[in-house]
Amino acid sequence: MAGATLAILTPFQAAQAIVGTGTVTGYFDNPITLPGSVYTGIGTNTIEWGTPFNSVSFTNQLSFTPSDFTNQPKGQDFVAGRLYYRNGTIFLGTQIDGVDLIINTTSSDPDFTQTLPLKITFVTTPNVADPIASADFIYFTDFPDRGSFRVLEGEDTDVEVITQFGSSVIVMQIINLK
């Protein structure tokens, strides 16, 4: 008689996901300036720059509005906040060419407490008759593959900043809302 092997299979036991709850903050620092740059708001969550071209124009503006996180699993996307960009009509030479967005996450779990400086590049275009050619755009300098967004002259937009807690890095991605 031949021997037989009996295998007893048990239901799959899912591993407990590591989750965290905490807050997100952000501020702008380290502007990349030109000799004629005009700007305010460094050290805050809203910066403005440029000298308006005329009395009906306005400065450029970038702000970060953070979103807290609750029971956030490691490795899953969540909205860390929103970037708002307003494209004013400014004199060339009064702009800034970039800035750092410093994102801080705070939690009772050290795995969810991180600081990440993200360099942002501004591409300021000459203001010409073509609205598409006059659109400024921004992107994360070290992550150009994560996307960029363009804003027509005199317009504004919001984008979500999607993050993910990994081993020690927050992965950034821009998703345009408009």
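Is Tyr85 buried or exposed, and what is its relative accessible area? In this predicted model, Tyr85 has a relative accessible area of 2% and is therefore buried, since the cut-off for that class is under 20%.

By the pairing rule used here, the count comes to 11 aromatic pairs. One of them joins Phe69 and Phe165 in a tilted arrangement, with 5.2 Å centre to centre and 55° between the planes. Phe69 belongs to strand E5 (residues 69-73), whereas Phe165 sits in the loop between strand E11 (156-163) and strand E12 (173-176), so this pair ties together parts that are 96 residues apart in sequence. Both partners are buried: Phe69 has a relative accessibility of 2%, and Phe165 has a relative accessible area of 1%.

Tyr85 and Phe149 form another of these pairs, edge-to-face, at 6.3 Å centre to centre and with 80° between the planes. Here too distant parts of the chain are linked, as Tyr85 is in strand E6 (residues 78-86) and Phe149 in strand E10 (residues 148-151), 64 residues apart. Phe149 is buried, with a relative accessible area of 2%. Together with Trp49 and Phe122, these two residues make up one aromatic cluster.

Leaving aside residues up to four places away in sequence, Leu83 touches several residues, among them Phe28, Leu62, Phe64, Leu101, Phe140 and Val161. A charged side chain meets an aromatic ring as well: Arg150 lies over the face of Phe137, at 4.1 Å from the ring centre.

How values were computed
Residues numbered from 1 in each chain as written. Predicted model: local features only at pLDDT ≥ 70, side-chain atom pairs only at ≥ 80, totals over all residues. Heavy atoms only, no water. Contact = heavy atoms within 4.5 Å. Phe/Tyr/Trp six-rings, centres within 6.5 Å; stacked < 30°, edge-to-face > 60°. Helix = DSSP H or I, 4+ residues; strand = E, 2+ residues; numbered from the N terminus. Buried < 20%, exposed > 50% of the residue type's maximum accessible area, 1.4 Å probe, protein only. Lys NZ or Arg CZ within 6 Å of the ring centre and 35° of its normal.
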